[in-house]
Amino acid sequence: MLSLKKINDDSTIGILDLKTFSLNKINLTRREIEKAGSKWVIEHLLNSTAFELLYTPENKPFLNNRTEHISISHSYDKLAIIINKKAVSGIDIELIWNKVLKIKHKYLNEHELNFANNDVEKLITYWSSKETLFKLYGLKNIDFIKNLFVEDFLNNTFYGRIEIGKKKTRYLLNKEKIENYILVYSIDEV
């Protein structure tokens, strides 16, 4: 039901199967299950119940009165959370599904569209990568086509960039395929 993956001494990812988690929570809505699941995963990642999960006005999660950085993602039956003791991190998990073919023009530039070439897994990897970059940025005024760029990926580590005005930041992105989901996370600005 819960898998924990230690990335390094400072960063750990927790992935929860929401379907299994919700079996004994019959009276809860989907949103309440996600909230309860997030709390439960954070307890396991921190090995503590002494935390308060709050959100900025831009809806970015943070742990009140704690120094760890956190990023949360959910897609259908999966919930993914990364906690990093030292640096801002981002995570996104997405179900691999064909509906992405209908919206690809809303988040990919021409180069990215050509590289993906209607490959659903590549399109989902782009979406999840740009969501991860968006979460790293942490503010709402961002255009997925004009400000977020994902370099061509041929393996499970590749780079993404956030470009806003004169500020350009590059991140190492890490991809994993988990069942029929794509998980992308970043802990490193390069």
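What is the relative accessible area of glutamate 151? Glutamate 151 has a relative accessible area of 23% and is partly exposed (buried means under 20%, exposed over 50%, partly exposed in between, with a 1.4 Å probe and protein chains only).

The model is predicted: local features need pLDDT of at least 70, side-chain atom pairs count only at pLDDT 80 or more, and totals for chains, interfaces and linings use all residues. Residues are numbered from 1 along each chain as its sequence is written, and side-chain values use heavy atoms, with hydrogens and water left out.

**View 1. Glutamate 151 and arginine 161 form a salt bridge.** The closest N and O atoms are 3.6 Å apart (a salt bridge is a side-chain nitrogen of Lys or Arg within 4 Å of a carboxyl oxygen of Asp or Glu). Glutamate 151 lies in the loop between β8 (148-150) and β9 (157-164), and arginine 161 in strand β9, so the pair ties together parts ten residues apart in sequence. Strands (E, at least two residues) are DSSP runs, numbered from the N terminus. Salt bridges with shared partners join Glu151, Arg161, Glu163 and Arg170 into one network.

**View 2. Lysine 78 forms a salt bridge with glutamate 179.** Their closest N and O atoms are 3.1 Å apart. This pair links distant parts of the chain, 101 residues apart: lysine 78 belongs to strand β6 (residues 78-84), glutamate 179 to the loop between β10 (167-178) and β11 (181-189). Lysine 78 is buried at 5% relative accessibility, whereas glutamate 179 is exposed at 58%.

**View 3. Glutamate 68 forms a salt bridge with arginine 66.** The closest N and O atoms lie 2.9 Å apart. Glutamate 68 is buried, at 17% relative accessibility.

How values were computed: Helix = DSSP H or I, 4+ residues; strand = E, 2+ residues; numbered from the N terminus.
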